[in-house]
Amino acid sequence: MVDLDKLRFTKTHEWLRVEGNTGYVGITDHAQKEITDVVFVELPKIGKEVAKAGEAAVVESVKAAFSIYAPVSGKVVKANDAVEKDPSLVNKSPYEEGWFFAIEIKDKSEIDSLMTQKDYLEFIKTGAH
Amino acid sequence: MEKLIFEISSPGRKGYSLPNLDVPDADIKSFIPQEYLRKDEPDLPEVSELDCVRHFTRLSQLNYSIDTNFYPLGSCTMKYNPKINEKMAGLPQFTGLHPYQPDTSVQGMLEVLYETEQALCKICGMDAFTLQPAAGAHGELTGMLIVRAYHTSKGNPRKKVVIPDSAHGTNPASAALCGYEVVTVRSDKAGRIDLEALKSVMSDEVAVLMLTNPNTLGLFEKNVKEIADIVHKAGALLYLDGANLNALLGVARPGDMGFDVCHVNLHKTFSTPHGGGGPGSGPVGVKAILADFLPIPRIKQKRSKFLFDYDAKRSIGRVRAFYGNTGVIIRAYCYMKLLGSDGLKDATFEAVLNANYLKTKLKNDYRLAVADEPCMHEFVLTGKDKKELGVKTLDIAKRLLDYGFYAPTVYFPLIVEEAIMIEPTETESKETLDAFAETMIKIAAEAKSNASLLTGAPHITPVRRLDEVLAARELNLRWKRPGA
């Protein structure tokens, strides 16, 4: 089980799990519930440079398409092909099997600007969309 | 449930007969190379003429359209399509034309196109129009190409397009297709563009702000003058997505509000058919500073003759073959002539009145998405409170089908949770609006007393609720013979 206390969160509902210099990115349980059944995921190409809060991937449900933004800047080093093949993983296992991509983090100080789980839960409670 | 035509097929049955061959027979292999020939016969349905007629007649009777029932699809302006439009567009003098005929032999057609452009200029407060774009999103792309050409002529195409979070999804798509980076600007609590947020994203990198007015919450962006000033101060342009023009005709003009470029939807605002595949038409209007960039050809009038003018060095070029969906344009022209400027104004007032009437009827049983204030031609409800009862907006929409209504737009705009967006248009009677409101209120009561009526809906349509998720995840569009 992933330890949610170790994750960092964005206002656009991505989570970031840091392992050394690598940051794994996915969307939160709250986000997957809001967008409902995911039917399509488009991942960034490995090697792509992404900027903090820049668009990095696309997720589509029967409701609409949404952009996934990079929580921190860096280079994409891994992409989870499994979610492209089976987008339902995003709904079934948002924090584990449903991760999207991993970034080689350029500037670790950017992590500090992200929310902790406690901050994030507070953020969604106060009516963010 | 009607069977597929493949399923009523019987081997060898025919709905045609051909005369005896009166030329020498030839083997197909003798004139088409082997590599282009298919190996197996195609599995086509084989039915009699009568079976074929009955099959498609039965299917056509399942059609739901504005000619059969109320169609309150928000931001789509599903108004009645007057039959006189069909009659005019069907005149052999129009239908018999060929697009390659010389200008001199199609003066009447050109006059209709020219006058339509002039009328749209007057209605929108713009200086020039092109009728070429085939529909709304194509109009947006044309508008973005014009914006890009304008900035390029100033030495820098710029990088960003600013779009409010309540915008139609086509706006960011059009901007991205044109090579721009999209910057989203949030709405304030009341549902309008947040001026401070707008100021914070404006810079000399921004090419244009794409604004929908009234916006998708059905609210007039009353700060539009100030918005225009902020945008123009940064050297950027202001674009109007004309999807909601039905709230403005004859009353307010985008050009006067500070918009530099706009598209309009003839298939929404100007009563041409919509929703059955169209085709649409998305003319684009511009202020004089942008007129040189309009697509070629332009229609010009010289000494009472009309002609296609290709002489435009700064034009973005062609955006469509020939001159747009002319059959649709004739219908819109007919509509404008039929109503006249006073009639268009009346239609606007009625559209706004109808929306406010329905909003008032529904606001006790449904929650409004924004604070209660007079709306324009449409309004948005949120199904947030119903969700707590275990009923989603989707369930309400499906239940409406059981009562014979087309469902409103749902889950849009994206900034409203469980959104239900209703646009009645001016062409509905009070009786129809009352019947719809009563049904919505009944459904709200059902949500409390018997939620399964909604979650299991629709119950009486030819096809019950479809598994949209399975359909999207495992798209299968091709029928295969069982066992094949």
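The side chains of Arg192(B) and Glu373(B) form a salt bridge with an N to O separation of 3.0 Å, a salt bridge being a side-chain nitrogen of Lys or Arg within 4 Å of a carboxyl oxygen of Asp or Glu. This is a predicted model, in which local features need pLDDT of at least 70 and side-chain atom pairs count only at pLDDT 80 or more, whereas totals for chains, interfaces and linings use all residues. Residues are numbered from 1 along each chain as its sequence is written, and side-chain values use heavy atoms, without hydrogens and water.

Chain B is divided into domain 1 (83-338) and domain 2 (349-470), with bounds from an automatic or database domain assignment. Their C-alpha centres lie 31 Å apart. In the interface between these domains, 22 residues of domain 1 are in contact with 18 residues of domain 2, contact meaning heavy atoms within 4.5 Å. The area buried there is about 1400 Å², 63% of it from carbon and sulfur atoms; buried area is the accessible area (1.4 Å probe) that two parts lose on being put together, summed over both. Across this interface the rule finds 1 salt bridge.

Chain B also touches chain A: 10 residues of chain B are in contact with 11 residues of chain A. The two chains bury about 870 Å² between them, with 61% on carbon and sulfur atoms. The count between them is 1 salt bridge. Glu34(A) and Lys387(B) form a salt bridge in which the closest N and O atoms are 3.8 Å apart.

Conventions
Chains lettered and ligands numbered in written order.
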